[in-house]
Amino acid sequence: MLQGKHIILGITGGIAAYKSVQILRLLRKAGAEVQVVITPAGKEFITPVTLSSLSGKPVISEFFTANTGVWNSHVDLGLWADAMVIAPATASSLAKMANGVADNMLITTYLSAKCQVFAAPAMDLDMYSHPSTQRNLRTLEQDGVILIEPADGYLASGLVGKGRMEEPEQIVKVLAEHMATPRDLEGKKILITAGPTHENIDPVRFIGNYSSGKMGYSLAARCAERGAEVWLVSGPVSRTTPAGNVHRIDVTSAREMHDACVELFPGMDAAIMCAAVADYAPAECADSKIKRESTGEITLRLVPNPDIAAKLGTMKREGQKLIGFALETNNEHAHAIDKLRRKNLDFIVLNSLRNPKAGFGVDTNQVTIISADGEEHDFPAKDKNIVATDIIDVTL
Ligand code: CTP
């Protein structure tokens with residue numbers, strides 16, 4: 001997957017810089033062309049002579065080459081690269097990347113890069129867990145950088161904990177896997193609903209469900225990786241927005257989710273209805289907190305929520321695809337087919353709550369995908385990230 005690819009290897013000033021030599025060797029062995037860009041501090045840890053000998057190219061560090069006055073164009077480099085990997089990425093360089101502090105050749109190259117950027121943080125455990133570093137990492141993720149998380153282990157300081165740069169083999173593997181991902185959804189616009197909905201009873205209470213949003217967020221991440229532009233209409237969950245071209249629209253109630261989807265759907269190529277939408281909402285939401293003392297026993301009157309998938313089913317035009325989910329506890333197959341027809345879906349993804357490896361809150365899912373023309377695909381239990389790929393492969 002790396003054969004003939006142009007990779008920028010960014011090296012910043014950390015002890016783990018010695019491991020960058022191994023990353024460089026592995027990339028070269030896999031057939032990639034590698035341009036090393038190193039920060040001034042990086043050169044304190046590893047010499048440019050070693051790096052240029054192994055890469056077969058002069059190492060770039062400064063804006064100008066001192067003896068010839070040749071200008072090193074970060075813009076050209078940014079266009080040349082198929083991927084950029086910054087390993088090790090120190091706390092300081094991550095902070096500069098997150099805030100656009102372009103004071104060295106590596107950061108200017110990062111800001112000019114048009115390709116996917118990967119960063120492998122490496123620092124002491126307290127620096128890694130500091131709120132400032134964590135804030136910068138979240139910002140970078142939102143900017144589309146793929147972070148290769150540090151491992152737990154012995155650190156140069158003698159302490160043990162999280163902060164040790166991931167091993168070179170693993171870093172190169174992440175890169176190769178990314179290169180292997182097809183960009184077959186390029187140009188497609190996809191709406192995905194995810195998470196639960198909360199239906200308010202009063203200003204502090206709601207009716208909800210156990211959906212964690214994991215399946216919907218995995219789908220959004222995989223669609224974006226494959227080149228799609230994604231609109232993720234999300235119920236209340238605490239998850240970071242997946243990297244890439246993902247527009248997140250946060251909603252609380254089924255009504256709000258309905259309105260957002262109805263507005264967006266006409267411009268979409270497909271919609272995947274993954275949210276666990278509450279079927280009912282309280283007929284009234286109290287203006288102020290309901291007090292036990294004064295109210296005593298209460299009866300909640302619930303009214304049905306709009307069926308979002310069914311509504312989109314009535315709006316669907318030629319060429320649009322609509323995919324729904326069915327989470328069932330009994331008579332699974334018949335219920336799923338009934339939903340497929342009732343909501344005018346093209347596919348329904350069935351998972352059964354009877355299977356402990358499927359459903360809310362677990363990392364795995366076991367699905368059967370049924371199409372409107374009666375085709376069925378059965379999959380064994382897998383991690384939700386891989387299930388997302390199966391769903392995309394079959395339905396989109
Ligand atoms: N769905 C929706 N809007 C709703 C209810 C469900 O868009 N108000 C979507 C879900 O996102 C899912 C599919 O419809 O893709 C089936 O959801 P499910 O809750 O299993 O079906 P319901 O139609 O609510 O039927 P029931 O709860 O009675 O089984």
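**Figure 1. Helix H12 and strand S16 in the shell around the ligand of the predicted model.** In this predicted model, helix H12 (308–315) and strand S16 each contribute at least two residues to the shell around the ligand. Strand S16 provides the largest share of that shell, namely three residues. By class, the shell residues comprise eight nonpolar, one polar and four charged. Among the 13 residues around the ligand, those that come nearest are Met-273, Ala-275, Asp-279, Lys-339 and Lys-343.

Figure 2. The ligand taken alone exposes 570 Å², of which the protein buries 78%. The space that the ligand takes up is the second largest pocket.

**Figure 3. The cis peptide bond between Ala-87 and Pro-88.** Most peptide bonds are trans. The bond joining Ala-87 and Pro-88, in contrast, is cis, with omega at about 0°. Pro-88 is part of strand S3, which covers residues 83–89.

**Figure 4. Asn-331 and Asn-344, two residues with positive phi.** Most residues other than glycine have a negative phi. Asn-331, although not a glycine, has a positive phi of about 50°. This residue belongs to the loop between strand S16 (321–328) and helix H13 (332–342). Asn-344, likewise not a glycine, has a positive phi of about 55°. Asn-344 is located in the loop that lies between helix H13 and strand S17 (347–352). With a relative accessible area of 37%, Asn-344 is partly exposed, because this class lies between the limits of 20% and 50%.

**Figure 5. Ser-211 and its contact with Gly-213.** Ser-211 occupies the loop between strand S10 (205–207) and helix H9 (214–225). The side chain of Ser-211 reaches the backbone nitrogen of Gly-213 at a distance of 3.5 Å. Is Ser-211 buried or exposed? Ser-211 counts as buried because its relative accessibility is 13%, and buried means under 20%.

**Figure 6. Gly-244 and Ala-224, separated in sequence by 20 residues.** Gly-244 sits in the loop between strand S11 (229–234) and strand S12 (246–250). The C-alpha atoms of Gly-244 and Ala-224 are 5.7 Å apart in space, while the two residues are 20 residues apart in sequence. Gly-244 is partly exposed, its relative accessible area being 48%.

**Figure 7. The whole protein as a setting for the close-up views.** The protein contains 14 helices and 21 strands. Its C-alpha atoms fill a box of roughly 80 × 55 × 35 Å, taken along the principal axes. Of the 396 residues of the protein, 48% count as buried.

How values were computed: Residues are numbered from 1 along each chain as its sequence is written. This is a predicted model: local features need pLDDT of at least 70, side-chain atom pairs count only at pLDDT 80 or more; totals for chains, interfaces and linings use all residues. Side-chain values use heavy atoms; hydrogens and water are left out. Helices (H or I, at least four residues) and strands (E, at least two) are DSSP runs, numbered from the N terminus. Buried means under 20% relative accessible area, exposed over 50%, partly exposed in between (1.4 Å probe, protein chains only). A residue is near a molecule or strand if one of its heavy atoms lies within 4 Å of it. Accessible areas come from the Shrake-Rupley method with a 1.4 Å probe; for residues, only the protein chains shown count as cover. On a 1 Å grid over the protein atoms alone, a cavity is a set of points where a 1.4 Å probe fits but cannot get out, and a pocket is an open set with protein on both sides within 12 Å along at least five of seven lines; lining residues have an atom within 4 Å of a point. A molecule sits in a cavity or pocket if more than half of its atoms lie within 2 Å of its grid points. Ala, Val, Leu, Ile, Met, Phe, Trp, Tyr, Cys and Pro count as nonpolar, Asp, Glu, Lys and Arg as charged, and the others, Gly among them, as polar. A polar contact is a pair of N or O atoms within 3.5 Å; within protein, one must be able to donate a hydrogen and the other to accept it, and residues adjacent in sequence count only if both atoms are side-chain atoms.
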